[in-house]
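Keep the sequence at hand as you read.

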Amino acid sequence: MSAASPRPVVIIGAGPVGVTAALLLARYGVRSLLLERHRDVYPLPRAVVVDDEVRRILQSVGVHEEFAALARPAPGLRLLDARRRVIAEFPRSLDGHHGFPQTSMFDQPELERLLREALARRPECELWGGVEVVSVTQGGDASPTVAGPVRVTFRREGSDEEEHLWADAVLGCDGAGSLTRDAIGAVWEDLHFEESWRVIDARTSLPVRTWEGAEQICCPTRPATFMRVGEDRYRWEFRLAEDASLDGPEALEQVRELVAPWVDLPSAARGGGDFEVIRQARYTFRARLADRWHRGRVFLLGDAAHLTPPFIGQGLCAGLRDAHNLTWKLARVLRHGADDRLLDTYQRERKPHARRVIRLAVAVGWAMTGGQDRGAAIRRAVVGAACRIPGVTAAVSRDLSPALTANPLVRRRPRLSGRSLAGTFCPQPWVRYGGTRERLDDILGHSFALLTGVPPTAHMTGVAAALGASVIHVDDLDDDGTLAAWLARGRADAALLRPDRVVMDTVPTGTGDFTDATAWAPLLHTARRPAEAPPAP
């Protein structure tokens, strides 16, 4: 569709994934309308962990400085046995690949308020609260690549009257019970993990015996998770029996017994002391993946597309990755007339990635509980032994977010030696450029970028011009050598970065040419030889 199209992108659900998607689209001048059942941010804690990749996404929507003021970096994850002895430790750097701490603790309502404030500053974005979506329909049901407009039917709070609007695309950020998932005929694939846990969020000024990172208690009878979230905020998660209750007059005494390994609470008879339970709720942790992530111009993001146990803190991270991956592609189609087949790469890239992250979370869950059969102790012992192998814990810590699988937008060179950069993220060091010290992404902007360690050839500059990409020599960035070393490890003279900062293609050392521009150029409407193509509008 052209830029003049009056239809917005409709986003169903104004949680952190939906609002982030709207802010990302706004960077490209794409209008969005968010439809949300609730009037305000849900006030109680939910997600409490993000990684450095997600911090980089928050940078891209302009809230990273405010988020840094409320987030608390954490040093990693420990697996402990039932007596709280360390089985394995997975350290997390305070200066990760993306230029931020690899693990940050936070309070979700505070993040959502930051995002809502940013949304209110963008004229491209509009939020309607108190709206319930009833149905989503599009033409050509038999074709998963239909590009026609989408009809959204909704009701306003307090009204039985159904209203309709048309959208250029619909993003279903409407959670595990997604209406959008049903609308595109998607069903869950069960990845075989389902357990009932009780989550307790509390505030206390009492002394708490804690490591500053997250603790996972590996115990078949009472596995648990504990983490310090803020200055005086803590979270506990326990797998309890189905009939266990933390309600009623004995609730405080039951909580006191559960948290005793970490904090000494006075008995209920003495008033409970300075310990406020902010929220306690029962959750069923599941591992599921939607079999289909889009149909035509209707897409699933976040919990509508995948559910993961929380043991490695990747639930919200996965949803924000969905938004980052999809929005630049959708903007390329809507604003620049790119081929709709570009949108098919969303599922091709994100679904395998989500599957690997979910399986890692399930593996940590099994390490914690080991199941409840006769092989539980053996499985925990195997995990403990594996974690003592040199390099295993470092590899797990480093690779929570694996490289994207090969597809037309990720060109790999399996026959060449050296680490392939394609499908991985470009690092983000601090750089000095034009007399100012900034993070790399703030220099690169929002579009494609070509980072080169050699004088660019005519072909390289032609590709950059066709994509509207900036061309920057790494020697001009004064970045302490990070980027030059990164190119050298990948045996590349240059790397072509997508708007989400994933490496799309490289120029192998000494070749002067990209590996396979003919694969991705047609999707981006550079069907002619890129060196001869005119600049993108």
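**A buried helix and its neighbours**

In helix H12, the buried residues are His 459, Met 460, Gly 462, Val 463, Ala 464, Ala 466 and Leu 467. The model is predicted. Buried here means under 20% relative accessible area.

Now follow H7 itself. H7 covers residues 315-336, and its axis comes within 9 Å of the axis of helix H1 (residues 16-27). The two axes cross at roughly 25 degrees. Angles under 35 degrees count as roughly parallel, and H1 and H7 are therefore roughly parallel to each other. The crossing of H1 with H7 is right-handed. On the H1 side, the contact is made by Pro 16, Val 17, Thr 20, Ala 21, Leu 24 and Leu 25. H7 answers with Leu 316, Gly 319, Leu 320, Ala 323, His 324, Thr 327 and Leu 330. By class, these residues are nine nonpolar and four polar, with no charged residue.

An α-helix has 3.6 residues a turn, so residues three or four places apart point the same way.

Helix H2 (residues 52-60) also meets H7. Their axes come within 10 Å and cross at roughly 45 degrees. H2 and H7 are therefore oblique to each other. This crossing is left-handed. Glu 53, Val 54, Ile 57 and Ser 60 of H2 make the contact with Cys 317, Leu 320, Arg 321 and His 324 of H7. The contact of H2 with H7 has four nonpolar, two polar and two charged residues. Leu 320 and His 324 of H7 are listed in the contact with H1 and in the contact with H2.

Step back to the whole protein. The fold holds 14 helices and 26 strands. Of the 537 residues, 55% are buried. Among contacts with a separation of 6 or more, 70% join residues 24 or more positions apart. The protein exposes about 22100 Å², and carbon and sulfur atoms supply 51% of that area.

How values were computed:
Residues numbered from 1 in each chain as written. Predicted model: local features only at pLDDT ≥ 70, side-chain atom pairs only at ≥ 80, totals over all residues. Heavy atoms only, no water. Axes fitted to C-alpha atoms, helices over the stretch in contact; angles between N-to-C directions. Helix = DSSP H or I, 4+ residues; strand = E, 2+ residues; numbered from the N terminus. Parallel < 35°, antiparallel > 145°, perpendicular 65-115°, else oblique. Left-handed = near helix turned anticlockwise from the far one by under 90°. Contact = heavy atoms within 4.5 Å. Nonpolar A, V, L, I, M, F, W, Y, C, P; charged D, E, K, R; others polar. Buried < 20%, exposed > 50% of the residue type's maximum accessible area, 1.4 Å probe, protein only. Areas by Shrake-Rupley, 256 points an atom, 1.4 Å probe, with all protein chains shown as cover.
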